[in-house]
Amino acid sequence: MTSYFLPRDLHPAAWWVWALGLAVAAARTTNPWLLLTIVAVAGYVVVARRTEAPWALAFRLYLYLGVLIVAVRVFFRLVFGGGEGATIILRLPEIPLPAWAAGIRLFGDVSAESLLGGLYDGMRLAAMVICLGAANALANPKRLLKAMPPALYEVGTAVIVALSVFPQLAESVLRVRRARKLRGGSGKKMTALHAVLIPVLEDALSRSLQLAASMDSRGYGRAGTLEARARLLTGTLMIVGLLGVCVGVYATLDGSTPRILAAPVLSAGVLIGLAGFWAAGRRVQRTRYQPDRWHPGELVVAASGIAVAGVLFATSSVNPMDLNPSLLNLSWPSLSWGPLFGVLAGVVPAFLTPAPEPPYAALEEEVRT
């Protein structure tokens, strides 16, 4: 049992399963208390289990992005059609629009119901983005790329590079600010903005070119020796499977869609997609040096995220008003114990998983030996 809590870095896929479970739970509710709890759970786990790697420094940027999403969502309700509701709290002069813009209004009366609707929707989207940012801060993108199946290796490379944009920007900003301090630069934010922005963009462009050159030298994007008919069949299977997965996931998250589009279409899409992945993986030969294994700690992390999503799915049919407060009768959103405890299950990885490996631990071990 003592070896279970020895410091080590967990499998990145486990963190992504945990974060996706929290994101699915956030997509099922507009209750601000539950959404704030989800954000708090994600933030606490990130603080408790993140490393000092560059990608772990970008979580703050996702928090800023979440605040911006909420502000933009509420602002749009003020500008475009915020008068749906009986409780008018602000009267703005309405700008008349031509006949071809029927159905669109600029400014006018603003109701409390409309603003609350924009606030709830913005908080839900912001919580989902922050959950994905938590996975990006906890999961090592290089190890995640190493664990990709052969069929998704090249596509996964592009996705992982895209997901690591924020961490790379955060690392570039820290490097530039550290260099400015060593040179005695001014610490005023407004005056230092122009002196930080250009070096950050230049550093990001330089690293992108280096990454593209290294990927090209390793043969990424090669077509292989597979026949055109086999490539067409593989591409068709993967596209049809991904479309089925997208439709099934949307129908599962949206309770108003027909149930035949949920589990049956999702299952069919997964099966067809797996067949396409198997066919695509036949032409890619890869070997792994010391492949990552799943241990009990990874299972605890993944089970925690799945439990959060499962509890929100189960409780949505018991008392829907707890998850989606009504905007017709203005009142404080209610909060029941079932969904709250379900969301709090996501904090389990902060206590029942091994702590991350301290920085330079391997180098210190070599020095001692």
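Select W18 to start: this residue is buried, with a relative accessible area of 0%, against a cut-off of under 20% for buried. The model is predicted. W18 is part of helix α1. Show its surroundings, leaving out residues up to four places away in sequence, and W18 touches A42, V45, A134, L138, V301, S304, G305, G346 and P349. For a distance check, pick the C-alpha atoms of W18 and A303: they are separated by 7.4 Å, although the two residues are 285 apart along the chain.

Next, select helix α1 (residues 12-27) together with helix α11 (residues 296-316). Their axes come within 8 Å and cross at roughly 10 degrees. Angles under 35 degrees count as roughly parallel, and α1 and α11 are therefore roughly parallel to each other. On the α1 side, colour A14, W15, V17, W18, G21, L22, V24 and A25, which make the contact. On the α11 side, the contact is made by E298, V301, A302, S304, G305, I306, V308, A309, L312 and F313. By type, the residues of this contact divide into 14 nonpolar, three polar and one charged.

While looking along these helices, note the spacing of the selected residues. An α-helix has 3.6 residues a turn, so residues three or four places apart point the same way.

Is V348 buried or partly exposed? V348 is partly exposed, with a relative accessible area of 27%. Apart from neighbours within four places in sequence, V348 is in contact with V300 and S304. S304 has already come up as a residue touched by W18.

Return to the end of α1 and select T30, in the loop between α1 and α2. T30 is buried, with a relative accessible area of 9%. Show the side chains of T30 and N324, which are joined by a polar contact of 3.3 Å. With residues up to four places away in sequence not counted, T30 touches L35, Y120, D121, R124, L323, N324 and P325.

One step along is N31, which caps the N-terminal end of α2. Here a side-chain oxygen of N31 lies 3.0 Å from the backbone nitrogen of W33.

Then select the whole of helix α2 (residues 32-49). At 1.5 Å a residue, its 18 residues should span 26 Å, and the end C-alpha atoms are 26 Å apart, which agrees. Which residues of α2 are buried? They are P32, L34, L35, T37, I38, V41, A42, G43, V45, V46 and R49. Among them, A42 and V45 are touched by W18, and L35 is touched by T30.

For a strand, select I89, in β1 (residues 88-91). I89 touches V110, S111, A112 and L115, not counting residues up to four places away in sequence. The C-alpha atoms of I89 and L115 are separated by 9.7 Å, and the two residues are 26 apart along the chain.

The protein has 14 helices and two strands. Of its 369 residues, 36% count as buried. Among contacts in the protein with a separation of 6 or more, 80% are accounted for by residues 24 or more positions apart.

Technical notes:
Residues numbered from 1 in each chain as written. Predicted model: local features only at pLDDT ≥ 70, side-chain atom pairs only at ≥ 80, totals over all residues. Heavy atoms only, no water. Axes fitted to C-alpha atoms, helices over the stretch in contact; angles between N-to-C directions. Helix = DSSP H or I, 4+ residues; strand = E, 2+ residues; numbered from the N terminus. Parallel < 35°, antiparallel > 145°, perpendicular 65-115°, else oblique. Contact = heavy atoms within 4.5 Å. Nonpolar A, V, L, I, M, F, W, Y, C, P; charged D, E, K, R; others polar. Expected span 1.5 Å × (residues − 1). Buried < 20%, exposed > 50% of the residue type's maximum accessible area, 1.4 Å probe, protein only. Polar contact = N/O pair within 3.5 Å; in protein donor to acceptor, adjacent residues only side chain to side chain.
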